[in-house]
Amino acid sequence: MKKDTKLNTTLDTKLVNAGRHKKFTGSAVNPSLVRASTIVFDSVAEMSEAARGRDDGVAYYGRRGTSTTFALSQAMIDLENAAGCYVYSCGTAAITSCLLSFLSAGDHLLMVDSVYEPTREFVDETLTRLQIETDYYNPLLGADIEHLIKSNTKVIFMESPGSLTMEVQDVPAISRVASAHGLVTMIDNTYATPFNFRPLDSGVDISIHSATKYLSGHSDVMLGVASANERTWRQLQKNSYQLGQCASVDDCYTTLRGLRTLPVRMRQHSENALKLASWLSSHSLVDHVRHPALPTCPGHESYSADFSGGNGLFSFVLKEFNTDALTKMLDSFSYFKLGFSWGGYESLVLSATHFSKRRTATDWHATGHLVRLHVGLEDFEDLQADLATGLNTFQDNL
Ligand SMILES: *Cc1c(COP(=O)(O)O)cnc(C)c1O
C-alpha cells in the first residue's frame, strides 16, 4: 500500500482521517467489517489478478486480511510514514515475528536490558534454542552501543521508555550507529504511539506496537502492529505470513475506532499523570519518581529531545518497604485496580514484586521498591485522594 501524501497535516487531523479510504469504508464513516476466510472469484483471470495484488492490499485469502485489516494497516502506514504495516493477534506476536524475520542461527542480537519481560523470555528461550546469540545492553547507552557490535550482529532491538523502570533511550543515536553498520533496528514503541514519537522518522527500520494498549485504548482488544520502512517491509511481510500471523477483523475494527480518539485520550492521561507524578515527587514516602517528563527519570533528556508528549504510565520508588504494608496499600485502592496491561481509560497499579527483576547489563532494584501506575481518565482529585489514602495505609503498616 502507498503512503497517503495528502495527509501531510497535523497529527490530530491525521488521526481522524488516516486509512479512511472509500475502498475500505464504502459510503460510511468507518470501514466495513468484512469477516472472511474464503474470498471467491468469478473467473480464473480474476483469481490470477488477485494473486498479483495479494501482497499489496488485494483480498485473496482470509489469513492475509480483508479490507478491514487493510484499513488499519493503511492508517498505521500514514501515521508512521511506513512502507507497510503487518497486523498480528497481539503485541507479543508482532515482536517475536519481527525478530524471527531477521535473525538466523549464528547471528547476534543486541537487546535492551529494560525490555518487556515476555520479550526477554522469548529471546532467552526460543532464540537461544535457535542458536541466536544475545547480549543485553544498558538502555542509557547511546552511540556507545557501537562498542558492543560484533561481526555477526544483525539486529538492535530498543524499547523506550523501558518496561516498568522507564529509562528513555537515545533512539536517533543508536539508529545512526546501526545504520552505519548495516544492522536492522526495531523498537517497541508501545509507550509513545505514533502520536508522540515516530521511530521511522528517526531512522529506525521497524516500529512495533502492542495495539492492546493506547491504540485501541479500552482494555477490550488484543492486537499488535509492526510498521516497516522500504528496506525491511517485504521481508517482514513474507516471514510474518509464513509464520501464520493474522488478526481478527473485529479487533482491527475496534482498534481503528480507538485510534480516532487517541489525541484526546493521550492529553488527558498525560495531564493527570504529570500532576500525580509531581505530587508524588514531594511525598515523604517516595524516593523518586520515574516519569519521563521529570528530570528524576533516567534518560529524561532523550524524552525532551524526541517525544512530543507523554501518557498515563509512570513508576515511583518507595524509600522504605515491607510486603505487608505494600499489600495493604494495594488492597486499599478504589480506583487504582490491580491488573496487567495498561493504555485503557481506567487507572491501574502494579508492584514490582509482580515482575521478575531479571537484568543482566544493569542493576536497578538497588534503588528501592518500585510501583507502576497507569493513570486513567478519572478526575484528578479522585485519583490523588485514592493514592493519598493508600500511602497513609502503607505508612501505618510500615
Ligand atoms: C503489553 C506490551 C506488550 C505485549 O503486548 P500484548 O498485546 O499484550 O501481547 C509488548 N510491549 C510492551 C511495552 C507492552 O506494554
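Q: What makes the meeting of Asp250 and Arg35 a salt bridge?
A: In this predicted model, the side chains of Asp250 and Arg35 come together with a distance of 2.7 Å from N to O. The cut-off is 4 Å between a side-chain nitrogen of Lys or Arg and a carboxyl oxygen of Asp or Glu, so the pair counts as a salt bridge. By this rule the count comes to 14 salt bridges.

Q: How do you know that Asp250 and Arg35 link distant parts of the chain?
A: Look at where each one sits: Asp250 is in helix 10, while Arg35 is in the loop between helix 2 (22-25) and helix 3 (44-53). The two are 215 residues apart.

Q: Which residues make the contact between helix 4 and helix 10?
A: Helix 4 brings Thr68, Thr69, Ala71, Leu72, Ala75 and Leu79. From helix 10 come Val249, Cys252, Tyr253, Thr255, Leu256 and Leu259. Sorted by class, the residues of this contact are nine nonpolar, three polar and no charged.

Q: What makes the space lined by Leu313, Gly339 and other residues a cavity?
A: A 1.4 Å probe fits there but cannot get out, so the space is a cavity. The largest cavity holds about 30 Å³ of space, and the count comes to one cavity of 30 Å³ or more. Its lining also includes Ser341, Trp342, Arg372 and His374. Strand 11 (348-351) and strand 12 (369-374) each give two or more residues to this lining. By class, the lining has six nonpolar, three polar and one charged.

Q: What surrounds the second largest pocket?
A: This pocket has a volume of about 350 Å³ and is lined by 29 residues, of which Arg64, Gly65, Thr69, Phe70 and Tyr86 are the closest to its centre. Helix 4, strand 1 (84-88) and helix 9 (230-242) each give two or more residues to the lining. The lining has 14 nonpolar, nine polar and six charged residues.

Q: How do you know that the bond joining Ser160 and Pro161 is cis?
A: Check omega: for this peptide bond omega is about -5°, and the bond is cis. Pro161 lies in the loop between strand 4 (153-159) and helix 7 (171-180).

Q: What makes Gln131 worth a look?
A: Gln131 is not a glycine, yet its phi is positive, at about 65°. Most residues other than glycine have a negative phi, and most peptide bonds are trans. You can find Gln131 in the loop between helix 6 (117-129) and strand 3 (133-137).

Notes: Residues numbered from 1 in each chain as written. Predicted model: local features only at pLDDT ≥ 70, side-chain atom pairs only at ≥ 80, totals over all residues. Heavy atoms only, no water. Contact = heavy atoms within 4.5 Å. Helix = DSSP H or I, 4+ residues; strand = E, 2+ residues; numbered from the N terminus. Nonpolar A, V, L, I, M, F, W, Y, C, P; charged D, E, K, R; others polar. 1 Å grid on protein atoms, 1.4 Å probe; cavity = no way out; pocket = protein on both sides within 12 Å on 5 of 7 lines; lining within 4 Å. Points joined across faces, edges and corners; volume = space filled by probe spheres on them.
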